[in-house]
Amino acid sequence: MINDAIRICLSENIKGRLKLRNRIYKEVQVRYGVASCLPYCVAEVAWSIVKKHKRWHRKPFAKRLMFKMDAANFSLNYSILSLPFRKGERVLVPLRYGEYQRSFLGDKTLKRGCVTMTESSVVIAFSKEVPIEEPLRRVGYDLNEKSIVGSDGTRHDLSEVARLHTLYGIRRSRFYERHPTDGRLKRKFASSRREKERVNQTLHRVSTLIVEKARANKEAIVLERLKGIRYSHEKGNGEGKARRRRVAQWPFGQLQAFIGYKARWAGVPVEHVSPAYTSKKCNFCGSINRKLKLTDRSWLCPCGAMLDRDLNAAINIARRGKIRCLGEVRPEARGTDEAMKGNETTMAPIPQAEAAKSSLQHLP
Ligand SMILES: [Zn+2]
């Protein structure tokens with residue numbers, strides 16, 4: 001049904017989800033004899049596929065069997081999911097789930113969203129209203145290959161991720177030496193599923209810790225905007241081949257996405273700022289060290305400050321944040337660079353800093 005809808009959408013050059021819905025409504029219903037709410041769901045999914053593929057420059061096509069339906073049309077009694085199917089017929093799907101899922105199903109304060117079914121799983125979305133309180137302070141996080149470092153000095157080790165990528169990379173290349181063309185064996189022994197699962201485990205653990213801490217201490221989370229991170233690691237930037245490969249594999253986006261949705265669920269504000277020069281700029285005097293190499297873990301600024309590369313970057317990221325914090329005095333809301341130049345912090349060894357402009361007392 002979805003591929004039918006996609007075909008109609010492309011051949012008649014339909015622009016817009018609602019237009020597609022109105023166009024296919026009768027046709028799908030008559031051709032497949034399905035309940036009247038199904039064409040709506042079909043149009044929804046078909047349109048999202050068409051839109052996504054436009055961006056990827058690929059021919060849109062639904063490859064896997066899937067089924068998506070909004071909250072109004074399905075019901076869930078205990079563990080039986082009831083979905084509309086043909087006219088006057090419903091399909092009952094018994095669900096198996098654990099304690100964690102049960103806690104969501106039992107929570108009456110949650111609003112039920114849509115249900116998505118694939119051949120092996122059922123995903124039910126839940127939503128809730130979370131009051132967002134004004135945070136007490138902003139904490140920036142600098143993500144690098146081996147760790148994520150907070151501007152308050154917290155540090156989470158992520159070397160496990162790099163280790164897993166190397167481990168599975170070696171395994172895969174050995175496998176291809178022996179079986180260069182066997183697709184069946186490849187799916188069985190060289191798939192990246194296990195690798196992804198193990199990497200995600202680490203990312204989930206770290207993102208949960210970060211969000212939990214932010215909620216407990218009323219912090220806002222500031223992250224780097226990731227657009228173009230691959231671009232900045234292109235060939236010819238002085239990095240080695242091995243490092244470039246590791247960076248290309250590194251799931252920066254995944255970790256940010258985990259932090260993002262967990263924070264939204266917990267009512268913790270998150271914002272993304274420009275990552276330009278965050279590690280090269282001294283957080284005391286604002287001068288930029290253009291000679292800083294990737295291998296330099298710490299550096300001495302001409303102003304006399306000894307800077308830890310990651311912590312310095314995290315502090316710069318936190319300062320670029322614009323989320324309003326409780327009791328904060330920010331004379332110049334305009335911005336990133338000028339506003340923070342004169343900010344003095346408690347341990348600043350800078351004679352020329354203007355103490356009066358201080359506005360970010362929370363930063364170390
Ligand atoms: Zn400096």
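Strands here are DSSP runs of E, at least two residues long, and helices are runs of H or I with at least four residues, both numbered from the N terminus; two strands count as paired if DSSP finds at least two bridges between them. This is a predicted model, in which local features need pLDDT of at least 70 and side-chain atom pairs count only at pLDDT 80 or more, while totals for chains, interfaces and linings use all residues. Residue numbers start from 1 along each chain as its sequence is written.

- Across from Ile221 you'll find Val270 in S11.
- S10 and S11 belong to an open, mixed sheet of five strands, ordered S9-S8-S7-S10-S11.
- At the edges sit strand S9 (155–157) and strand S11 (270–273), each pairing on one side only.
- From one strand to the next, the twist averages 25 degrees.

**Helices on the sheet**
- Helix H9 (residues 252–266) lies across strand S7 (137–143), S10 and S11, at about 160 degrees to S10. Such angles run from 0 to 180 degrees between N-to-C directions, with axes fitted to C-alpha atoms, for helices over the stretch in contact.
- Helix H10 (residues 309–320) also packs on the sheet, touching S7, strand S8 (147–150), S10 and S11, and its direction makes about 135 degrees with that of S7.
- Beyond its neighbours within four places in sequence, Ile259 is in contact (C-beta atoms, placed from the backbone, within 7 Å) with Ser207, Ile210, Val211, Ile221, Leu223 and Val270.

**Nonpolar cores**
- The largest nonpolar core has 30 residues, and Tyr141, Ala214, Ile221, Val222, Ile259, Ala314 and Ile317 have the most contacts inside it. A core is a set of buried Ala, Val, Leu, Ile, Met, Phe, Trp, Tyr and Cys residues joined through C-beta atoms within 7 Å; buried means 20 or more other C-beta atoms within 10 Å of a residue's own, with C-beta atoms placed from the backbone.
- S7, S8, helix H7 (193–217), S10, H9 and H10 are the elements giving two or more residues to this core.
- Another core lies apart from it, with 21 residues, including Ile2, Leu38, Met69 and Val115.

**Antiparallel strands S1, S5 and S6**
- Strand S1 (residues 67–69) pairs antiparallel with strand S5 (residues 111–117) over three bridges, with Lys68 opposite Thr116.
- S5 pairs antiparallel with strand S6 (residues 122–127) over five bridges, and a hairpin of four residues links S5 to S6.
- Thr116 has Val123 as its bridge partner in S6.

Note on methods:
Contact = placed C-beta atoms within 7 Å. Buried ≥ 20, exposed ≤ 12 C-beta atoms within 10 Å, placed from the backbone.
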